[in-house]
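Open the model in your viewer and keep the sequence panel beside it. The tour goes stop by stop: select, look, move on.

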Amino acid sequence: MHELGLARGIVDLAQAAAEEAAVAKVAAVHVQVGRLAGVEAGALLFSFDIAAEGTRVAGARLVITEVPVAIWCGACNAERELVGVNRFRCPVCETPSGDIRRGKELEVSSIEVER
């Protein structure tokens with residue numbers, strides 16, 4: 001379960017941010033997870049609680065926002081959001097594209113703290 005390793009990284013980042021800001025407790029960590037990131041949200045939530053034990057992040061909420069897949073369509077000269085991840089074709093003109101612009105990310109977007 002690679003989600004535990006990911007959760008540890010997220011907790012480490014939040015812990016470091018809390019230490020730098022001199023706050024005792026992290027209330028929530030917001031992450032953006034792309035549909036192509038290969039992350040199972042349920043496993044990440046479970047792993048986050050385990051990884052946070054004994055840290056300033058213990059008891060914090062992990063808020064996951066799923067990022068849809070978007071490709072660049074050269075024919076339309078526009079970024080297009082895909083409905084699914086089975087066909088990498090522009091949903092407007094059907095031109096194939098491998099130029100993925102969004103959907104692979106896993107990033108912490110914000111950290112809420114308690115003062």
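Start with P68, in the loop between β2 (61-67) and β3 (70-73). Helices (H or I, at least four residues) and strands (E, at least two) are DSSP runs, numbered from the N terminus. This is a predicted model: local features need pLDDT of at least 70, side-chain atom pairs count only at pLDDT 80 or more, and totals for chains, interfaces and linings use all residues. Residues are numbered from 1 along each chain as its sequence is written, and side-chain values use heavy atoms, with hydrogens and water left out.

Stay on P68. Its relative accessible area is 23%, so P68 is partly exposed. (Buried means under 20% relative accessible area, exposed over 50%, partly exposed in between, with a 1.4 Å probe and protein chains only.) Show its neighbours: P68 touches R35, E81, R102 and G103, not counting residues up to four places away in sequence. Contact here means heavy atoms within 4.5 Å.

Next, select helix α1 (residues 3-20) and helix α2 (residues 41-52). Their axes come within 8 Å and cross at roughly 55°. That makes α1 oblique to α2. Axes are lines fitted to C-alpha atoms, for helices over the stretch in contact, and angles run from 0 to 180 degrees between N-to-C directions. Angles under 35 degrees count as roughly parallel, over 145 as roughly antiparallel, 65 to 115 as roughly perpendicular and the rest as oblique.

Show side chains where the helices meet. From α1 come E3, L4, L6, A7, R8, I10 and V11; from α2 come A43, L44, S47, F48, I50, A51 and A52.

Move along α1 to Q15. Is Q15 buried or exposed? Q15 is buried, at a relative accessible area of 17%. It touches T55, R56 and V57, leaving aside residues up to four places away in sequence.

Last stop: the cysteines. How many disulfides does a search of the whole structure find? The search finds 0. (A disulfide is a pair of cysteine sulfur atoms within 2.5 Å.) Select C76: it is in no disulfide, and the nearest cysteine sulfur, that of C93, is 3.6 Å away. C76 counts as partly exposed, at 26% relative accessibility. Then pick C90, also in no disulfide, with the nearest cysteine sulfur, that of C73, 3.7 Å away. At 1% relative accessibility, C90 counts as buried.
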